[in-house]
Each structure stands twice: as C-alpha cells, then as structure tokens.
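Colleague: I am new to this structure and would like to learn how to read it. Could we take it feature by feature?

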Amino acid sequence: MLSFVIRRLGTMALTMLCLTMIVFFLINLEPNLKKLAISQTEMHTSAEQLESWLVNHGYRQNFFVRYAQWLGVVPKQPVTDPATGKPAQRFSFCNDPVVPTFAGVLEGDFGCSTKFKASVASKLFPALGATGTLMLCVLAVMVPISLLIGILAGMREGSRTDRVLSVASIASTATPEYVSGVIFTVIFASWLGWLNGSAASASQGITFYNFTLPVMTLAIYGIGYIARMTRASMVEVMTQQYIRTARLKGLSFGSVVVKHALRNALIAPFTVIMLQFPWLLTGVVIVEVMFRYQGFGYTLVEAAGNNDIDLLLGCSLVSVFIVLITQLISDVGYAFLNPRIRVQ
Amino acid sequence: MPVQYISAFTVVLEVLSRFWPVWIALLIVMGASFAYKKKLALYGQLFDSGVGIVGVGICLFWLFTAIFAATISPFDPLAQVPIMKDVLPGAIEPQSGLTYLFGGDKLARDVFSRMVYGSQIVLIIAPAATGFALMVGITLGLPAGYYGGKIDTVLSFLANLVLAFPVILLFYLLVTPGIMDTPIPYAMAGVFFLFPIIFFSVLFWTRYKNRPDRLYILLGITLIVGGWIYAGLVFDADPLKIVHIDPNQLNIFVAVVFASSPGVFRIVRGLVMDIKTRDYVAAAQTRGESPWYIMLWEILPNARGPLIVDACLRIGYTTILLGTLGYFGLGLAPESPDWGTAIKDASRLLRSFIHPALPPTIALMSFVLGLNLLADSLREQSMKD
C-alpha cells in the first residue's frame with residue numbers, strides 16, 4: 001500500500017513538473033510577453049522601450065533558466081537598474097531580493113503578481129480560502145442530495161420514481177453553470193426577488209441572501225452526474241445474490257437497502273465525487289465570474305485576462321495539484337473501501 | 001415613434017409558424033423512422049421508448065433549425081435596427097413590418113434570429129470536433145490497449161497530463177488572440193487532422209491488402225479527399241476554395257479536440273483491454289491476422305455500442321464547452337450569434353432586461369438535454385441485446 005502511494009506521488013510530481021513547464025511555455029509565448037510589456041509600461045511606448053522593459057525585468061533570459069528560477073532550483077538574479085548600474089529589485093511592490101537567492105515555488109515563493117502589484121501568495125491564498133468556503137457549501141448540498149436521489153432511483157429499477165428521477169438528473173447534467181446561473185438569477189433574483197444576484201458582498205460575510213445562488217448553481221450540474229453514478233451502482237448491487245438472500249430471509253425491503261445494499265453501493269459514488277473536483281473547478285470559475293465572488297476562479301480569470309505570469313502559474317499549480325491529489329485520494333480510498341481491490 | 005407590440009399569444013403562434021420547415025422535415029423523418037423502425041436496427045429501437053423519441057426529436061429539431069436557419073429567421077443575426085434596442089418580445093420593426101419575436105438585445109439585434117443562427121455554429125463545430133476527437137482517441141487508444149507495455153504507459157501518461165488540466169485553464173492558454181501569431185494552433189491542427197487520414201488508410205489497407213483493385217481505389221479516395229480537406233483546414237490552401245475555416249474557429253476547434261480526445265482515448269483503451277481477451281480475437285490471432293487488422297476489424301466493431309453512446313454524450317459536452325468559450329469571450333468573434341456569447345452578453349444585463357438571456361440558455365440546455373436523452377436511451381437499448 002505504502003509503495004503504491006509513493007509511486008503515485010512520484011508520478012504526480014512528474015506530471016506537475018511537465019504541466020507547469022507546458023503552462024510556463026504557453027504563458028511566455030512572444031505575443032503574451034508583448035501584451036504584458038504593453039500593459040506594464042505607459043501608453044505609447046516604442047518597440048525598443050518594450051523590449052528593454054522585458055530585458056530589464058528578466059523576461060529575456062533563457063527559457064529553462066527562468067523556469068528553474070521559478071521552480072527554485074536556480075537562484076533568482078536581481079535586475080540591473082539601467083540608470084545606476086547597480087542591482088535592483090525586479091518588482092518593487094513585493095520585496096524581491098537584491099542579491100541572488102533561491103526564491104522559487106520549492107522555497108514557497110510564488111513570485112510577483114504584475115496585475116495586483118502584490119506578491120502572488122498574498123492574492124492567491126485568501127482567494128483559495130474564499131473558494132474553499134464555497135466548495136464546502138456546495139459539497140454539503142450536493143453530496144447528500146445526489147446520493148439520496150441516486151439511491152431512491154436505483155432502489156427499484158424501472159419504477160416510476162426511477163424514471164422521473166433519472167430524467168431529472170439527466171436534465172441537470174445538461175445544464176451547465178452559465179445556463180442554470182442565468183435561469184436561477186432570472187427566477188430568484190429578478191422575478192421573485194428572494195435572493196441576491198451578486199455574491200460580491202459574500203467576501204465580507206456570507207448570508208443566505210447572497211450565497212445561495214452561487215451554491216445552487218454549482219451544485220446542480222454535479223448533482224445529476226453523481227446521482228446517475230449512484231443509481232447505476234445501486235442497481236448493480238440490488239441484483240446481487242446476497243440481496244436476494246437477505247430478502248428471502250424475510251428482512252424488510254427498507255432494512256435490506258439500508259443495511260446490506262448501501263455500504264456496497266456507495267463505493268463507486270465516492271470515486272465519482274472525488275473525480276468531480278476537476279469539473280467543479282471549471283464551474284467555480286464560471287460561477288465566481290458570474291456572481292462576482294472574489295475567489296480562486298475570479299483570480300484565475302483576472303490573471304489570464306491580464307497576462308499576469310506568476311499569478312497564472314500559481315493558479316495553474318494549485319488547480320493541477322487539486323486535480324491530481326483528488327485522483328490519488330479516490331484511488332487510495334477506493335482500495336480502502338473495497339476489500340476486493342486492496343492494492344497488493 | 002413608439003414601437004408597436006403584438007400580444008404574447010400571437011408571439012407564440014408566430015414562433016411556431018416560423019419554424020414551419022423544421023416541422024415538415026421533422027414530420028417526414030420521424031414518420032419514416034416510425035414506419036421502418038423494424039429495419040433500422042439500433043436507430044429503430046430508439047423509437048420504442050418515450051425517452052428515445054424525445055431525444056431524437058430534440059436533436060433533429062436543432063439539426064433542421066441549423067439547416068433551414070436562413071428561412072426561419074426573419075432578420076439578419078448581425079443587423080442592428082437602432083429603434084429596436086432592448087425592446088421586449090413581440091415588438092414590430094416599423095420598416096419591414098416583421099416582429100422581433102423574442103425582443104431585441106442591447107445592440108438592437110433580433111434575439112430570435114440570433115438564436116436560430118447560433119444553432120448553426122454549434123451544430124457544425126460540436127459534432128465535427130467530436131468526430132476528430134473520436135478519430136484521435138481511437139487511433140491512439142487501440143494500440144495502447146492492445147499492445148499494453150511501454151506504448152501504453154507513454155500514451156496514458158500523456159492523456160492523463162491533458163486530463164489533469166482544468167479545462168478552463170487550457171482554454172485560457174490555448175484560445176487567445178495572441179496565440180494565433182504563433183505556429184502552435186496550426187501545428188496542433190496539422191497533427192490532429194492527420195489522424196483521420198491515417199485511420200482510414202490503415203483501415204482499408206489492413207482489410208484489402210490482398211485485393212489491390214479495391215485497395216487502390218479506396219486508398220486513393222481517402223488520400224485525395226483527406227489531403228484536400230487537410231490542405232484547406234490547416235494551410236487554408238484549398239485550390240477550389242470550398243474548404244475554409246476562420247483562423248479563430250480553427251483555434252477553437254483544435255482546443256476542443258485537444259481537450260476531449262484524451263477522454264475518448266481512455267474509453268477506447270479500456271474497451272480494447274476488455275475485448276482483447278475474447279475468443280474471437282484469439283481466433284483471429286491464430287489465423288495469423290496482423291495486429292492492426294484485429295484492432296480495426298475485430299475489436300473496434302465490437303466496441304461500437306459504448307462508443308456511440310459516448311459520442312452522443314460528448315457532442316453535448318462539446319456544446320457545453322463551446323458555450324463556456326463563448327461565455328468567457330474566448331475565440332469566437334464578439335458579435336458571433338453563438339449561444340455562449342449571447343448568454344455572456346445577456347447575463348451582464350440581467351438586472352435590467354431578462355428577455356435576451358432566456359432564448360440562448362434554453363436553446364443550449366434543450367440541445368444538450370436531447371443528446372443526453374438520446375445517449376441514455378441508446379445505452380439502454382444496447383444493454384438489452
């Protein structure tokens with residue numbers, strides 16, 4: 001078991017290395033650097049000035065050197081001030097060192113956000129906290145509802161409850177966040193006026209009034225999917241021999257479902273819920289932009305829209321990490337839950 | 001001069017009547033399908049369940065809407081009539097006397113016509129991108145599942161790499177105006193669009209190796225048609241100027257194929273690993289058939305059930321992806337009538353006007369719902385056998 005986890009962690013590290021390199025490459029494409037230089041210098045700068053800005057801020061060093069610097073295996077060099085010729089800080093707004101130091105991701109330094117004029121860490125972690133709150137609420141709503149729907153539908157395959165719930169869950173998987181968000185806003189905010197169509201105030205304090213719409217919108221897409229998986233798993237379990245035995249023994253249907261079927265039927269949904277995180281991530285971006293909630297997704301869009309290299313790298317590192325770690329948890333958890341698949 | 005309105009009931013009637021070519025086409029196709037459903041194999045079985053009928057109906061509805069868009073829509077989707085800015089549904093355009101059935105948006109364009117024309121964009125890109133993703137996924141998934149070992153390790157690692165990217169980040173990196181200045185989208189298009197040509201060439205080669213008369217014709221057709229489309233799509237160098245794709249549409253197309261082919265790869269790989277243990281594969285191996293013949297002519301046809309279901313779901317998912325791209329304003333032109341862009345434009349103004357937001361959202365939702373219902377009933381039917 002331990003060696004399996006270690007091997008998986010090794011693959012994970014390799015994957016992250018490859019992915020960050022790809023992201024690093026794509027962000028640092030020539031047009032993107034140009035755009036960054038234009039947005040960081042004053043209006044109407046000539047091409048030479050843009051170029052010298054890029055050189056001065058170290059964007060013209062060798063690609064691999066810069067990647068290694070970002071990673072923290074090669075010391076970051078201070079830039080030379082063109083006026084004085086002395087070493088100077090790369091960006092004054094986030095305490096860049098004036099002597100060569102190892103200051104990369106491995107040392108816990110995520111770099112400098114050019115858009116927000118602050119260190120990436122000071123932007124990214126509060127945003128992650130905000131998104132964490134959102135995610136917790138979503139999971140707290142999504143998981144019980146979807147499991148309940150799935151179990152009720154799968155309990156008696158082909159019954160009317162099953163048909164109705166199945167069509168409802170198919171409908172919910174057909175509703176992406178930007179669709180359900182609009183529809184919910186129209187119904188609950190514009191017509192009924194019960195809820196707030198913007199979650200901008202949720203950064204100060206979460207209330208039912210400003211937080212329900214984002215949570216609802218995010219949950220609805222996942223509910224259908226998890227419910228379908230739970231239903232499939234439940235249907236399969238209900239046809240097993242031991243369920244029939246339990247029924248023939250004279251146990252009531254309810255107690256068979258709760259005591260015998262549920263435990264085995266919930267193994268598959270666990271994996272599905274874990275693997276749902278990458279999807280939720282996209283949903284989070286949409287919902288946070290739509291409801292103006294200042295979380296991780298909002299930061300990602302801001303970073304991507306303004307070509308904020310370090311911030312976007314930080315965001316991608318975090319999101320890739322989340323995807324990979326949930327995959328790992330789902331694999332390990334699956335093995336733990338299902339004695340038949342215990343890893344040798 | 002105030003804008004005249006017609007009543008809500010008349011709006012409904014007029015919307016229904018504007019779709020007249022769709023209703024006629026639907027009637028013909030559905031009627032024919034019902035009449036001959038015994039002879040239509042899997043497609044015919046769809047008409048045995050209510051879910052299947054609804055699914056096919058919705059998909060066909062949007063298909064015909066896309067085909068007859070020019071007849072259905074009363075206005076040009078890009079035309080702006082200043083007096084009609086933000087008008088409510090049912091407003092009559094004074095000059096032509098035609099109605100803005102679903103009202104006007106903030107740029108005074110007809111929401112109804114935009115919704116109808118939006119279906120064209122979705123129904124061209126989504127199935128085509130899914131088709132290419134299927135080709136890529138199948139061509140790579142077959143050897144990975146069949147041979148296993150190193151080739152499987154490498155390909156699976158690459159697939160997992162792409163799958164570990166959150167889709168939205170991938171799009172922000174791959175679908176930007178800046179990236180069109182670099183050769184990356186063209187290189188990716190060049191690689192992806194090769195796969196169908198490779199696929200069909202190998203397909204015909206393995207089957208008709210010993211029958212040159214058939215082989216040369218089929219290979220020739222594949223290479224000429226494939227090469228022609230390839231030249232048109234990748235290099236925009238179609239000599240006849242028929243095959244043409246806008247650079248930003250190519251960019252979207254490539255990004256969508258890139259994002260969804262690893263999923264197909266995984267499914268194909270899993271199916272192949274399951275099917276290759278069957279007796280008929282062992283029989284083919286004993287006959288001395290070549291590995292690629294076994295993969296393409298023994299394994300692939302037996303994997304078609306799950307693949308068809310997956311393709312249906314995937315077209316729906318691609319539609320959602322396209323909507324996401326439109327919603328974030330990536331790739332598609334800002335005035336493009338596709339549903340995602342329309343939702344983005346309308347959702348910013350929800351506080352003042354809700355009517356421009358509803359038609360594209362409901363259109364997108366119903367189309368994806370139709371595909372999902374179709375996939376569900378296909379799955380059910382194929383499980384019965």
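**Reading the model**

Modeller: Start with the contact between the chains, which takes 38 residues from chain A and 35 residues from chain B. Keep in mind that this is a predicted model.

Colleague: Which helices of chain A each supply at least two residues of the side that touches chain B?

Modeller: The size of an interface is often given as the accessible area lost when the parts come together. Here we look at residues instead. On the side of chain A that touches chain B, α1 (2-27), α2 (30-40), α6 (160-173), α7 (177-191), α12 (277-290), α13 (296-305) and α14 (309-337) of chain A each supply at least two residues. The largest share, seven residues, comes from α7(A). By class, this side of chain A has 26 nonpolar, 10 polar and two charged residues.

Colleague: How should I read the nonpolar core, and which residues touch the most other members of the largest one?

Modeller: In soluble globular proteins, nonpolar side chains tend to be buried together. The largest nonpolar core in this model has 178 residues, and F171(B), A255(B) and V257(B) touch the most other members. Helix α6 (residues 111-147) of chain B gives the largest share of this core, 21 residues. Leaving out residues up to four places away in sequence, F171(B) touches A255(B), L325(B) and L330(B). There is also a second, separate core of 10 residues, with M155(A), M238(A), V256(A) and A265(A) among them.

Colleague: Next, helix packing. At what angle do α4 and α6 of chain B pack?

Modeller: Two packed helices are described by the angle between their axes and the distance between the axes. For helix α4 (residues 50-67) of chain B and α6(B), the angle is about 105° and the axes are 8 Å apart. α4(B) and α6(B) are therefore roughly perpendicular to each other. From α4(B), the contact uses W62(B), L63(B), T65(B) and A66(B), while α6(B) brings V116(B), S119(B), Q120(B) and L123(B). Five of these residues are nonpolar, three are polar and none is charged.

Colleague: What does the secondary structure of chain A come to?

Modeller: Chain A has 14 helices and four strands. Of its 344 residues, 40% count as buried. Among contacts in chain A between residues at least 6 apart in sequence, 69% join residues at least 24 apart.

Colleague: Which residues of chain A does UniProt list as "transmembrane region"?

Modeller: The unreviewed UniProt entry lists residues 12-29, 124-152, 164-194, 206-227, 266-291 and 311-337 of chain A. Two of these can be set against the model. Residues 266-291 of chain A are 88% helix and 0% strand, with the end C-alpha atoms 33 Å apart. Residues 311-337 of chain A are 100% helix and 0% strand, and their end C-alpha atoms are 38 Å apart.

Colleague: Now a single residue. Where is C137(A) found, and why does C137(A) count as partly exposed?

Modeller: C137(A) is in helix α5 (residues 120-155) of chain A. C137(A) counts as partly exposed because it has 18 C-beta neighbours inside 10 Å, and a buried residue needs 20 or more. Not counting residues up to four places away in sequence, C137(A) touches F211(A) and V215(A).

Colleague: And what is the phi of R292(A)?

Modeller: Most residues other than glycine have a negative phi. R292(A) is not a glycine, yet its phi is positive, about 50°. R292(A) sits in the loop between α12 and α13 of chain A. With 15 other C-beta atoms within 10 Å, R292(A) is partly exposed.

Conventions:
Residues numbered from 1 in each chain as written. Chains lettered and ligands numbered in written order. Predicted model: local features only at pLDDT ≥ 70, side-chain atom pairs only at ≥ 80, totals over all residues. Contact = placed C-beta atoms within 7 Å. Nonpolar A, V, L, I, M, F, W, Y, C, P; charged D, E, K, R; others polar. Core = buried A, V, L, I, M, F, W, Y, C linked by C-beta atoms within 7 Å. Buried ≥ 20, exposed ≤ 12 C-beta atoms within 10 Å, placed from the backbone. Axes fitted to C-alpha atoms, helices over the stretch in contact; angles between N-to-C directions. Parallel < 35°, antiparallel > 145°, perpendicular 65-115°, else oblique. UniProt positions renumbered as here; feature names shortened; annotations may be inferred.
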